[in-house]
Amino acid sequence: MRYLMMTRPSTTAPDERMYAEMGAFIEELTASGVLLATGGLGPEEIRVVSSGEEVTVTDGPFTETKESVVGFALVEARSREEAVEVARRFRRIVGDGESVIREVFTP
């Protein structure tokens, strides 16, 4: 099963220890085939809404900064519990903050 893990911004400042631990964590997950993709997200949003034949494009941002998503990881896990454990390990490395996990449905 695939899961999209999204991270909200935090007030914890990254340091050299965090970068080293995160690098090792990413290497481990990539080598094991769990981590499929990861990245940070910029603050700008573009909203595309369709209604009938009309498509409207609006530049953002639309959410409060604390509610935005600043990073993501796409993982392949055997179960929901395994995905939660990956997220727990991530949170232990980066410190205080919030992450959201959503199952990705594939054909």
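This is a predicted model: local features need pLDDT of at least 70, side-chain atom pairs count only at pLDDT 80 or more; totals for chains, interfaces and linings use all residues.
Which residues of H1 are buried?

## Helix H1: length

Helix H1 runs over residues 16–31 and has 16 residues. From its first C-alpha to its last, H1 reaches 23 Å. That is close to the 22 Å expected at 1.5 Å a residue.

The buried residues of H1 are Met18, Met22, Phe25 and Leu29. They cover an arc of only 65 degrees around the axis, so they lie on the same side of H1. The spacing follows a general rule. An α-helix has 3.6 residues a turn, so residues three or four places apart point the same way.

What covers these buried residues? The cover includes strand E2 (35–40) and helix H2 (80–94). The other side of H1 carries exposed residues: Glu16, Ala20, Glu27 and Ala31.

## A nonpolar surface patch

Which residues form a nonpolar patch on the surface? They are Ile46, Val48, Val55 and Val57. Together they have about 410 Å² of accessible area. Two strands supply the patch: E3 (46–51) and E4 (54–59) each give at least two of its residues.

Take Val48, which sits in strand E3. Is Val48 buried or exposed? Val48 has a relative accessible area of 55%, and exposed means over 50%, so Val48 is exposed.

Key. Residues are numbered from 1 along each chain as its sequence is written. Side-chain values use heavy atoms; hydrogens and water are left out. Patches are made of residues with over 30% relative accessible area and no salt bridge: like charges are joined within 9 Å, nonpolar side chains (Val, Leu, Ile, Met, Phe, Trp, Tyr) within 5 Å. Accessible areas come from the Shrake-Rupley method with a 1.4 Å probe; for residues, only the protein chains shown count as cover. A salt bridge is a side-chain nitrogen of Lys or Arg within 4 Å of a carboxyl oxygen of Asp or Glu. Helices (H or I, at least four residues) and strands (E, at least two) are DSSP runs, numbered from the N terminus. Buried means under 20% relative accessible area, exposed over 50%, partly exposed in between (1.4 Å probe, protein chains only). The expected span of a helix is 1.5 Å times one less than its number of residues. The arc is that of the directions from the helix axis to the C-beta atoms. Contact means heavy atoms within 4.5 Å.
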